[in-house]
Amino acid sequence: MGQDFDLRNLHIEVTTRCNLNCIYCLRRFWSGHEPRDMNFNTYLKILYQVEELERINLYGFGEPFMNPRILDMIDHARRSFKDSKIFLSTNGMLLDESVIEKAVERGLDSIAVSVDTVNLQQLRKIRVGSSPRVLKSLEDLCRIGRRILPELEIGVECVILKHGFEELPKVVEYAADLGVDYVQVSHVVPYSKQIYEYACYTCVSERVLSVLGEDRLRELCEIREKASHQALLLSYARPRASRELKEYFEIIGDLASRGYTANLTALCEEQHKISLALKVREVFERMSEVAKSSGVELRVPKVFSDAADRTCPYEEKHSIYVRSDGKVAPCMELAYTHPEYVNSHNKLVHEYLIGDVKSESLSKILSNEGFKRLREMRKNLIHNCPWCGDCPYSELECWFVKDNLLDCYGNAPSCSECLYSVGLASCII
């Protein structure tokens with residue numbers, strides 16, 4: 001394969017068509033992309049260039065079963081990779097008994113169904129176009145799929161939103177009753193400020209909060225505006241420094257002495273998010289109790305970011321993302337140009353493509369020099385890439401946070417505000 005890239009995990013987007021219109025889906029926010037299925041010959045061309053894989057993921061920004069050749073895709077993947085795990089994620093709306101039987105018989109051995117809530121009324125609001133068919137599909141999977149393949153791995157995926165996260169333990173209970181193997185939870189990736197209003201996390205590092213403590217954080221927020229105004233006057237008129245400014249510098253200086261910086265806008269204006277995140281953590285604890293008692297694996301995200309704990313899931317899994325049009329990206333986040341609202345500001349995330357399987361060999365694509373540089377950076381994000389969640393300049397409209405083309409360390413593209421890297425968002429690969 002690539003000269004120094006050991007491809008172990010292949011993420012193939014078999015379609016961008018979908019039968020639902022989820023409120024938080026990227027497809028609502030991108031532009032210039034017509035829904036399409038991956039050409040079957042393009043798919044085969046990819047498979048024939050790979051000798052060995054640990055896992056193949058047949059999903060992306062669309063519903064896999066919308067592709068009329070998905071069963072053939074599963075079949076050819078199994079023929080090519082007898083010992084690989086073949087996985088797909090589905091909204092469940094197109095799964096009937098016949099489809100389940102054929103998919104499992106042809107080689108699918110891992111599948112997850114998206115079930116954000118077992119409250120059907122709420123589910124319809126979130127996943128627009130859904131119906132009770134979703135829950136019926138999950139039940140049929142556990143019954144029919146396991147009859148054909150007892151070791152069939154079945155999961156449930158949930159996206160956390162502000163309205164209804166208290167009911168997440170019921171999802172675990174429901175999954176456990178059916179015999180589901182795992183429940184994976186992710187925070188929403190906010191492609192707009194409106195979607196961010198539904199989010200239940202904050203990009204502020206919890207360690208910064210713990211260093212400050214509730215009292216000092218309250219004090220900092222109370223004096224912030226006056227101190228900032230006084231600092232501005234000090235720059236020009238040089239009056240005597242105020243009490244607020246002295247206290248402000250003392251607090252910020254203490255943080256700096258411990259190796260931390262602070263995004264004051266996020267700290268002070270998102271205290272409601274901090275409180276919400278703590279409530280979500282309590283719900284996670286209740287979910288964990290249910291999961292442990294029923295033997296279900298529970299995978300939950302963090303509720304705070306941590307600049308000192310960042311990894312790239314695609315780098316860890318030795319994976320790449322192939323779009324439905326055959327173009328290749330290092331990961332799902334960089335596959336399409338899209339807006340995002342992160343760290344209290346709007347951002348444009350530009351796609352970063354490293355090749356096209358229709359016109360280039362996979363070996364050549366994986367040897368792309370830009371891809372090599374990106375991988376080297378992602379191998380140690382903590383030291384090689386900044387994290388803007390705690391940076392005081394991100395609240396001052398720093399030009400590096402307007403998009404992902406370049407960061408203050410010189411990385412191009414940058415992963416400096418990637419929610420997946422800090423464990424807030426997740427995808428199954």
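Trainee: What ground rules apply before we start?
Mentor: This is a predicted model, where local features need pLDDT of at least 70, side-chain atom pairs count only at pLDDT 80 or more, and totals for chains, interfaces and linings use all residues. Residues are numbered from 1 along each chain as its sequence is written, and side-chain values use heavy atoms, with hydrogens and water left out.

Trainee: What makes Cys221 and Cys268 a disulfide?
Mentor: The cut-off is a pair of cysteine sulfur atoms within 2.5 Å. The S to S distance of Cys221 and Cys268 is 2.4 Å, so the pair meets the definition. The count by this rule is 1 disulfide.

Trainee: Which parts of the chain does the pair link?
Mentor: Distant ones. Cys221 sits in helix H8 (residues 206-236) and Cys268 in helix H10 (residues 264-269), 47 residues apart. Helices here are DSSP runs of H or I with at least four residues, strands are runs of E with at least two, and both are numbered from the N terminus.

Trainee: What is the handedness of the link between Cys221 and Cys268?
Mentor: Left-handed, with -90 degrees about the S-S bond.

Trainee: Why is Cys268 called buried?
Mentor: Buried means under 20% relative accessible area, exposed means over 50%, and partly exposed is in between, with a 1.4 Å probe and protein chains only. Cys268 has 14%, so it is buried.

Trainee: How do you know that Cys158 is in no disulfide?
Mentor: The nearest cysteine sulfur, that of Cys200, is 13 Å away. Cys158 has a relative accessible area of 2%, so it too is buried.

Trainee: Now the charged pairs. Why is Lys136 with Asp140 called a salt bridge?
Mentor: A salt bridge needs a side-chain nitrogen of Lys or Arg within 4 Å of a carboxyl oxygen of Asp or Glu. The closest N and O atoms of Lys136 and Asp140 are 2.9 Å apart, so the pair qualifies. The structure holds 27 salt bridges.

Trainee: How far apart are Lys136 and Asp140 along helix H5?
Mentor: They are 4 residues apart in helix H5 (residues 133-148), which means about one helical turn.

Trainee: Are Lys136 and Asp140 buried or partly exposed?
Mentor: Lys136 has 36%, so it is partly exposed. Asp140 has 3%, so it is buried.

Trainee: What makes Glu51, Glu52, Glu54 and Asp83 a patch of negative charge?
Mentor: Patch members have over 30% relative accessible area and no salt bridge, with like charges joined within 9 Å and nonpolar side chains (Val, Leu, Ile, Met, Phe, Trp, Tyr) within 5 Å. Asp and Glu count as negative, Lys and Arg as positive, while His and the chain ends are not counted. These four residues gather in such a patch on the surface. Glu52 has 65%, so it is exposed. Its place is the loop between helix H1 (40-48) and strand E2 (55-58).

Trainee: Where is Ser344, and what is its phi?
Mentor: Ser344 is in the loop between strand E12 (338-342) and strand E13 (345-349). Its phi is near 65 degrees, again positive. Ser344 counts as partly exposed because its relative accessibility is 24%.

Trainee: Which residues does a cis peptide bond join?
Mentor: Ala412 and Pro413, with omega about 5 degrees. Pro413 lies in the segment after helix H15 (381-384).

Terms used. Areas by Shrake-Rupley, 256 points an atom, 1.4 Å probe, with all protein chains shown as cover. Charge placed at Lys NZ, Arg CZ, Asp CG, Glu CD.
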